[in-house]
Amino acid sequence: MTTEQPKPIRHPQHWATAAMPPLQRFLAGCHAEFWPDHDGAVANYIPELGKADPAHFGISLATLDGHVYEVGDSRVPFTIQSMSKPFVFAIALDALGSDQVERVIGVEPSGDPFNSIRLNAENHPFNPMVNAGAIACSGLVRQARHGDAFETIRDALGRFAGRRLDVDDAVFTSEAATGDRNRAIAYLLRTSDVLKEPVDDVLAVYFRQCAVLVTARDCAIMAATLANRGVNPVTGEQVVTPYAVSRTLAVMTSSGMYDFAGEWIYRVGIPAKSGVGGGILASLPARLGLGSYSPRLDGHGNSVRGIKVCEALSAHYGLHMLNRSDDARTSIIADYDIGANPSRRSRRAQERDILAAHPDAVRVLELVGTLSFSNVDYVSRQLAGSARPQFVIFDLHRVTAMTQAGLRLLAELFRELADFHVTVVLSGIRRSSAEWQEITERTGDLGNVRDFYLLDTAIEWAEDQIVYRYGGAIDFIETTELAEQPLLAGLSGDERHELAALATIKHYQQGERILAAGEPANSLFFLRSGVIHVTLPDGIRLATLTAGQCFGEMALLEPLRSADVVADFSATAFEITLDDFERFRARHPKAGERIMRNLAQLLAERLTIANARLNLLAAD
Ligand code: DON
C-alpha cells in the first residue's frame with residue numbers, strides 16, 4: 001500500500017459552483033483510481049531523469065473546440081523525450097518534402113525496443129518512432145536548417161503546444177554525456193548515408209529536442225493539434241500540413257509504443273507516443289488529444305499510470321479508432337422545393353401562377369455539419385431518386401467542414417448535374433473561403449454553378465429563372481395606378497382614384513434607405529416601379545417587393561417602423577400619409593374595412609410561409 005496521499009485535484013474555479021462536466025469528473029476518477037499504482041520505475045539511464053518525483057501524476061485532455069481539461073500535476077514540467085519524435089517527423093516532412101524523408105526512413109514497425117540498433121534490410125531506420133529513425137529526422141532538419149535546426153524544432157514544438165517551450169539543460173547535458181548508444185546508432189546511419197551531417201551536430205539537435213520541457217497540458221494540446229489535421233485547436237494556427245499529420249499518426253499507430261505497439265492498438269486503439277520522461281500523448285483523429293505525466297515506466301519504457309488512463313478512456317467511452325459508425329442521413333437538415341417553401345419575395349399574380357405550375361423546379365437541400373464521403377454520397381442519392389429539378393440549391397451555412405472525399409464526391413455530383421443541365425446554386429459559402437477555392441479547383445469551370453451568400457436570395461434568383469423560362473416577365477415594369485395592389489383589392493375605381501390623388505410620388509436611388517426601423521410609422525407606400533427589399537435591423541431579409549405591392553403598411557397597426565426598407569434598383573412609389581389615409585377611411589368606412597381585411601390576409605400568407613419553414617426545420 002502506498003504511503004503517499006493523493007494531492008488535492010485542481011479544477012478550474014468556475015466548476016466549484018456549477019455542475020462538473022462529465023469528462024472532468026471522469027479524468028478526476030482516473031486520477032484517483034490510478035494514483036495508488038506504484039508499479040514501474042523512473043528511468044535513470046539518463047542520470048538526470050532519475051531525479052523525477054515518482055509521485056507526480058497529471059492528466060489533461062484537449063478537445064478540438066479548444067477546451068482543455070486538467071487534473072492533478074497537469075502543469076508540472078518534464079522532458080518531452082521520445083514524444084518529440086512524431087512532431088519532428090511531421091516537421092521534417094513539411095520542411096524537406098515527403099520524398100526526401102520517405103527515401104531514408106521506413107515506416108514498418110520494428111518490433112524492437114526504442115533504442116534498438118538494428119536497421120532494416122536497406123540499412124535504414126525501420127520507422128521515425130524508434131531512436132534510429134528519430135535521429136535520422138533530426139539529421140534531415142539539420143541538413144535543411146543547419147545551425148538553426150534546433151530552434152526550428154523548438155519553435156514548431158511550441159506552436160503545437162501553443163506557447164514557447166524551454167529546455168532542461170541539465171537533462172540535455174546528462175544525456176549528451178551518457179548517450180553512447182545513440183552515438184553508435186548515429187555512426188551506423190552515417191555509414192548508410194542516411195545521416196549526411198556530422199554525428200555530434202545531429203545528436204546535439206536530437207538530445208536537445210528530447211530535453212524540451214512540456215506539461216501534460218501541453219501534451220494534450222499537441223496531441224489535439226494532430227487530431228485536428230494540424231490546426232492547434234487553442235490558438236487556431238495551422239502548424240503542419242494535413243499530409244504530415246496523417247503520415248505522423250500512421251507511424252504513431254503502428255510504432256508509437258515500440259514493441260508494445262500491436263498490443264496497444266489492439267487494446268486501446270488510439271495513436272499514441274510515450275517518452276521516458278514519463279509522458280504519454282494520445283491523439284484520436286477528429287476527437288481529442290490526451291496528455292498524461294507520471295514518471296514510473298514499465299519494461300517497454302511507457303508510463304504505467306499513463307497507459308492505464310489511455311486504456312480507461314478508450315474502454316469507458318468506446319473510443320477505439322476502429323470502433324466507429326456514422327449516420328450519413330444527419331447531414332440534411334431540410335429538403336424541400338419552392339412549392340413547399342418559396343422565397344420571401346412577394347410576387348405578382350402572373351409570377352405566382354408560373355411558379356405554382358412548377359413547384360419542383362427548384363430543390364433546396366440545407367446541409368449541416370461535416371460533408372464527408374458518406375454524407376455527400378447520401379445527398380447525391382436523394383437527388384438521384386426523385387424528379388429532376390432544374391435548379392438545386394445547396395445551402396452550406398451550417399456546414400462546418402468538408403473532408404477530401406466529401407469534396408471530391410461533391411465536385412463529381414456537380415459535374416453529373418451539369419451533364420443533365422441542372423444548375424447548381426450554392427448559398428452560405430463565401431468566395432474567399434478555402435472551401436470555395438477547393439470546390440472550384442475540383443469542379444473546374446462547369447458553368448452551372450452559381451452562388452449567393454443568402455439562401456433566400458438564392459431561392460429568389462432560381463425562382464426568377466423559372467419565371468423567365470416559362471415566359472413570365474419580372475419587375476421593372478411600371479404600374480402607375482393602384483389597381484394591382486393586393487392591399488386595395490375590392491375597392492372601386494373611384495375609391496382608388498381618390499387614394500391616388502392623396503399620394504405623392506417618391507423617387508429612390510439604388511441602395512437608398514427608404515425607411516429605417518425605429519422611426520415613427522406615419523405613411524403607407526405603394527411601389528410603382530423598381531425593386532425594394534425589407535430587412536430586419538440585424539440584416540435578415542424579410543421580403544423583396546416589386547411594382548404593384550405595398551410596403552410600410554404595418555403603419556396601420558404599429559406606431560414605429562419594425563424594419564428597414566432599401567431600394568435594390570432605382571424605384572418610385574406612391575406615399576400616402578397615415579393622416580390622409582385615416583380621413584379617407586372615415587369617408588369610406590366600407591373601403592377601410594376591406595383594406596384591413598386585405599391586410600389580415602397578407603399577414604396570414606406571410607405567417608403560412610414562415611410556419612412552413614419552421615415545420616421543415618423541426619421535422620428534420
Ligand atoms: O534517445 C533516448 O534514449 C531518449 N532521449 C528518448 C527515449 C524515449 O523517450 C523512449 N520512449 N519511451
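The protein chain contains 20 helices and 22 strands, where helices (H or I, at least four residues) and strands (E, at least two) are DSSP runs numbered from the N terminus. The structure is a predicted model, in which local features need pLDDT of at least 70 and side-chain atom pairs count only at pLDDT 80 or more, whereas totals for chains, interfaces and linings use all residues. Residues are numbered from 1 along each chain as its sequence is written, and side-chain values use heavy atoms, with hydrogens and water left out.

The C-alpha atoms of the protein chain fill a box of roughly 105 × 55 × 45 Å along the principal axes. The radius of gyration is 34 Å, while a compact globule of 620 residues would have one near 25 Å; this quantity is taken over C-alpha atoms, and the globule rule is 2.2 Å times the number of residues to the power 0.38. Of the 620 residues, 54% are buried, a term that means under 20% relative accessible area, with exposed meaning over 50% and partly exposed in between (1.4 Å probe, protein chains only). Among contacts (heavy atoms within 4.5 Å) with a separation of 6 or more, 75% are accounted for by residues 24 or more positions apart.

Side chains of opposite charge can pair when their charged atoms come close. With a salt bridge defined as a side-chain nitrogen of Lys or Arg within 4 Å of a carboxyl oxygen of Asp or Glu, the count comes to 32 salt bridges. One of them joins Glu197 to Arg142, with the closest N and O atoms 3.1 Å apart. Glu197 lies in the loop between helix H7 (180–191) and helix H8 (199–210) and Arg142 in helix H4 (residues 131–145), so the pair ties together parts that are 55 residues apart in sequence. Both Glu197 and Arg142 are buried.

In the salt bridge between Glu460 and Arg345, the closest N and O atoms are 2.7 Å apart. This pair links distant parts of the chain, 115 residues apart, with Glu460 in helix H17 (residues 455–469) and Arg345 in the loop between strand E10 (332–337) and helix H13 (349–357). Glu460 and Arg345 are both buried, and salt bridges that share partners join Arg345, Arg347, Arg348, Glu351, Glu460, Glu463 and Asp464 into one network.

Asp180 and Arg183 also form a salt bridge, their closest N and O atoms being 2.5 Å apart. Both residues lie in helix H7, 3 residues apart, about one turn of the helix, and Asp180 is partly exposed, with a relative accessible area of 48%.
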